[in-house]
Amino acid sequence: MPLSDHAGTRLEHALATHRLVVFDLDGVLVDSNELKVECVREALAEFGPELVDPYVHEFRRTFGRSRREHFLAFHQDHLGGEQATGEDFETFYRRCAGGYAELLAERYPEAPLCPDADLLVRGLSERGLPLYVATGTLTAEAERVLDGHGLAGEFRAVLGGEEPKARRLSTALAAVGAAPGEAVLLGDSRQDSLAARAVGMGFVLVTGHGFFPPAQVLDGADGRSSLVAAGLDPDGLLIGIGAYEGPPGHWTRAPHTLNRRRTRETPQ
């Protein structure tokens, strides 16, 4: 049964028909996207706004990548790498990503849950459904923030950003023994959509906290394996990507053109 057949179905009911449900963390379970933007901006402040501001836009656009991928992009593409800076990547990463981690350690626990996240997670867990988290956040940090909200025990595992998200999804599939078509990822970013597509899983775009309009996140998505949820209300109705209109201004072009244009971005 393609995921699109669940359009108009209650979110919790539709998810419960799968053998595996995977949640992204930031912007889906925890309202922490802007918090992370400010932390990365401060961690890189020594390089000045002329370099950091363009990178922050890229950080938003590629939100969901692993931390190492984010900092590698800044070191190579914005600083010019070791040849330009005299600092090899590993040294740069330990120093700057370390500063970022210190800022997160202080602020991340204060990030609130997204509305209805606890209701949906606990409702699915009570059904005995295998739940996982796959996130670009390092595993220990993700586990701490979920534990602080009393949700860590609802998940079979938290799979963090030490590896790319698509690989983490494959790990969850193998652990449960589910086929990709029997699993679904709830995410808020284009990186989430690409990762789900790379392994053949269904994808539910959760709106409300993502950085970019749904049209950009879902550009090129297969309408048979993608749906939209306006938040995590267990009783909220899922919407087909061709029918979703959202708040005024959310679409940058007509929804029916989503499948016509292919992006140059590749799954990571």
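Glu12 counts as buried, because its relative accessibility is 12%; buried means under 20% relative accessible area, exposed over 50%, and partly exposed in between, with a 1.4 Å probe and protein chains only. The model is predicted: local features need pLDDT of at least 70, side-chain atom pairs count only at pLDDT 80 or more, and totals for chains, interfaces and linings use all residues. Residues are numbered from 1 along each chain as its sequence is written, and side-chain values use heavy atoms, with hydrogens and water left out.

**Overall fold**

- The protein has 11 helices and seven strands. Both are DSSP runs numbered from the N terminus: helices are H or I with at least four residues, strands are E with at least two.
- The radius of gyration is 18 Å, which agrees with the value near 18 Å for a compact globule of 268 residues. That radius is taken over C-alpha atoms, and the globule rule is 2.2 Å times the number of residues to the power 0.38.
- Along the principal axes, the C-alpha atoms fill a box of roughly 55 × 40 × 35 Å.
- Of the 268 residues, 51% count as buried.
- Contact means heavy atoms within 4.5 Å. Among contacts between residues at least 6 apart in sequence, 68% join residues at least 24 apart.

**Surface and charge**

- The accessible surface comes to about 11500 Å², and 49% of it belongs to carbon and sulfur atoms. Areas come from the Shrake-Rupley method with a 1.4 Å probe; for residues, only the protein chains shown count as cover.
- There are 27 positive and 39 negative side chains, and the centres of the two sets lie 6 Å apart. Lys and Arg count as positive, Asp and Glu as negative; His and the chain ends are not counted. Each charge is placed at NZ of Lys, CZ of Arg, CG of Asp or CD of Glu.

**Nonpolar cores**

- A nonpolar core is a set of buried Ala, Val, Leu, Ile, Met, Phe, Trp, Tyr and Cys residues joined through side-chain atoms within 4.5 Å.
- The largest core has 57 residues; Phe23, Leu29, Leu44, Phe71 and Leu186 touch the most other members. Helix 6 (residues 89–107) gives the most to this core, with eight residues.
- A second, separate core holds 24 residues, including Leu20, Ala166, Leu173 and Val228.
- Beyond residues up to four places away in sequence, Phe71 touches Val40, Leu44, Tyr55, Phe89, Phe92, Tyr93, Cys96, Ala97 and Tyr100.
- In soluble globular proteins, nonpolar side chains tend to be buried together.

**Helix 2 and its cover**

- Helix 2 spans residues 33–43, and its buried residues are Asn33, Leu35, Lys36, Val37, Cys39, Val40 and Ala43.
- Helix 3 (49–61), helix 4 (67–78) and helix 6 are among the elements that cover these buried residues.

**Helix 1 and helix 7**

- Glu12 sits in helix 1 (residues 11–15). Setting aside residues up to four places away in sequence, Glu12 touches Leu120, Gly123, Leu124, Arg127 and Pro234.
- Leu120 is in helix 7. Leu120 is buried, with a relative accessible area of 0%.
- With residues up to four places away again not counted, Leu120 touches Leu11, Glu12, Leu15, Phe23, Leu186, Leu232 and Pro234. The C-alpha atoms of Leu120 and Leu232 are 6.5 Å apart, although 112 residues separate them along the chain.
- Arg122 also lies in helix 7 (residues 117–126). Arg122 counts as partly exposed, because its relative accessibility is 30%.
- Between Arg122 and Gln191, 69 residues apart along the chain, the C-alpha separation is 26 Å.

**Loop residues**

- Asp116 is in the loop between helix 6 and helix 7. Its phi is near 70°, a positive value in a residue other than glycine. Asp116 counts as partly exposed at 28% relative accessibility.
- Gly161 is in the loop between strand 3 (157–159) and helix 9 (165–176). Gly161 counts as buried, since its relative accessibility is 5%.
- Leaving out residues up to four places away in sequence, Gly161 touches Ser66, Arg67, Thr135, Gly136, Thr137, Leu138 and Thr139. Gly161 and Arg67 are 94 residues apart in sequence, yet 6.5 Å apart in space, C-alpha to C-alpha.
- Gly210 lies in the loop between strand 5 (202–206) and helix 11 (214–217). Gly210 counts as partly exposed at 31% relative accessibility.
- Apart from neighbours within four places in sequence, Gly210 contacts Asn33 and Asp188. Gly210 and Asp188 are 22 residues apart in sequence and 5.2 Å apart, C-alpha to C-alpha.
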